[in-house]
Amino acid sequence: ELANGFHAIGFSQGSLFIRAAIQRCSDRLKVRTLVTMGGPHQGVTSLPGCDVFSPNDHAGAFCRAAEAAIEAAAYSPFTRSSVVQAQYFKDPRAFHKYITYNPFLPDVNNEGDGTRNETYRRNLMRLEKLVLFKWTDDTVVVPRESSWFGTYAENDRGGAIVPLREQRMYAEDWLGLRSLDEDGRL
């Protein structure tokens, strides 16, 4: 039934996981179009909603305490093996820990030591179209621009977002996103 290909839709973390499946298994998954909605393609850096509270209110105090606990535990073996969201937690202030201890997101984003998986790039470039939706009022994916591969600069959480087209991963075409973009398929 799907021998000639099919269109796939991913919602939130499902967006990231279907993209990873395409990159890793494109010889078996003949996806023609991938539509992602609110996907954390560049990871999440905060608890949902914690970026909207004042640092002086009770919720802000909870968020600060919870985020301190997350930062301390996010890259531990126990957390990585028992909390799926740890697979796409990306703390730009602890980028070395992220690259070293996160087994999923740095891999599927072709980040890290400079070794790139050309299969991931080739398989993503097989798509006829990659459509990325960002929810304008998203409080779950933080930063919400992660849905468009936007991210905070290394060592700067809470500052300005670095859009995809201004990142090294785009300039060097680690995933084929620049090629897709230049071909009008992104």
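Trainee: Which residue in β2 does A8 stand opposite?

Mentor: In this predicted model, A8 stands opposite L34 of β2. The strands β1 and β2 pair in the parallel sense, over six bridges.

Trainee: What is the strand order of the sheet, and how many strands does it have?

Mentor: The sheet is open and has three strands, ordered β1-β2-β3 with parallel pairing. Its edge strands are β1 and β3 (129-133), since each of them pairs on one side only. On average, neighbouring strands are turned by 15° against each other, direction ignored.

Trainee: Where does α1 pack?

Mentor: Helix α1 packs on the sheet and touches β1 and β2; its direction makes about 140° with that of β1.

Trainee: Which residues of α1 are buried?

Mentor: Consider the general idea before the case. An α-helix has 3.6 residues a turn, so residues three or four places apart point the same way. In α1, the buried residues are S15, L16, R19, A20, I22 and Q23. They cover an arc of only 160° around the axis, which puts them on the same side of α1. Among the elements covering these residues are β1, β2, α5 (105-108) and α6 (118-125).

Trainee: With which side chain does that of T33 make a polar contact?

Mentor: The side chain of T33 makes a polar contact with the side chain of H7, at 3.1 Å. Leaving aside neighbours within four places in sequence, T33 is in contact with F6, H7, A8, L127 and K129.

Definitions and conventions:
Residues are numbered from 1 along each chain as its sequence is written. This is a predicted model: local features need pLDDT of at least 70, side-chain atom pairs count only at pLDDT 80 or more; totals for chains, interfaces and linings use all residues. Side-chain values use heavy atoms; hydrogens and water are left out. A polar contact is a pair of N or O atoms within 3.5 Å; within protein, one must be able to donate a hydrogen and the other to accept it, and residues adjacent in sequence count only if both atoms are side-chain atoms. Contact means heavy atoms within 4.5 Å. Buried means under 20% relative accessible area, exposed over 50%, partly exposed in between (1.4 Å probe, protein chains only). Helices (H or I, at least four residues) and strands (E, at least two) are DSSP runs, numbered from the N terminus. The arc is that of the directions from the helix axis to the C-beta atoms. Two strands pair if DSSP finds at least two bridges between them. Axes are lines fitted to C-alpha atoms, for helices over the stretch in contact, and angles run from 0 to 180 degrees between N-to-C directions.
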